[in-house]
Amino acid sequence: MVTTTYQVQGMTCGHCVNAVSAEVGAIEGVSEVQVDLASGQVTVTSERPLDTDAVRAAVDEAGYDLVGA
């Protein structure tokens, strides 16, 4: 298992957390998504390292921005 933490900008509420969790969680191989709303950190556990572009696309689909990746 691989755990990676991403910085996401624009999340402000529980709905934001759910949207990001659902989109990132739908990426193939992802087994767990933890979102810290206060810090904007999204920690993803997956079977193998994820393609950053796939994570960026999922975060974008949820309506937010992946920062610094």
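Gly40 takes a positive phi near 80° in the hairpin of strand 2 and strand 3, where 4 residues lie between the strands. This is a predicted model, in which local features need pLDDT of at least 70, side-chain atom pairs count only at pLDDT 80 or more, and totals for chains, interfaces and linings use all residues. Residues are numbered from 1 along each chain as its sequence is written, and side-chain values use heavy atoms, with hydrogens and water left out.

Strand 2 (residues 30-36) and strand 3 (residues 41-46) run antiparallel and are joined by 6 bridges. Two strands pair if DSSP finds at least two bridges between them. Val33 stands opposite Val44 in strand 3.

Now the whole chain. It has 2 helices and 4 strands. These are DSSP runs, numbered from the N terminus: H or I of at least four residues for helices, E of at least two for strands. Along the sequence the pattern reads β-α-β-β-α-β. The radius of gyration, taken over C-alpha atoms, is 10 Å, close to the 11 Å that the globule rule gives for 69 residues, so the chain is as compact as a globular protein of that length. That rule is 2.2 Å times the number of residues to the power 0.38.

Next, the helices. The axes of helix 1 (residues 14-25) and helix 2 (residues 52-62) come within 8 Å and cross at roughly 145°. Axes are lines fitted to C-alpha atoms over the stretch in contact, with angles from 0 to 180 degrees between N-to-C directions. Helix 1 contributes Ala19, Val20, Glu23 and Val24 to the contact (heavy atoms within 4.5 Å). Helix 2 contributes Ala58, Val59, Glu61 and Ala62.
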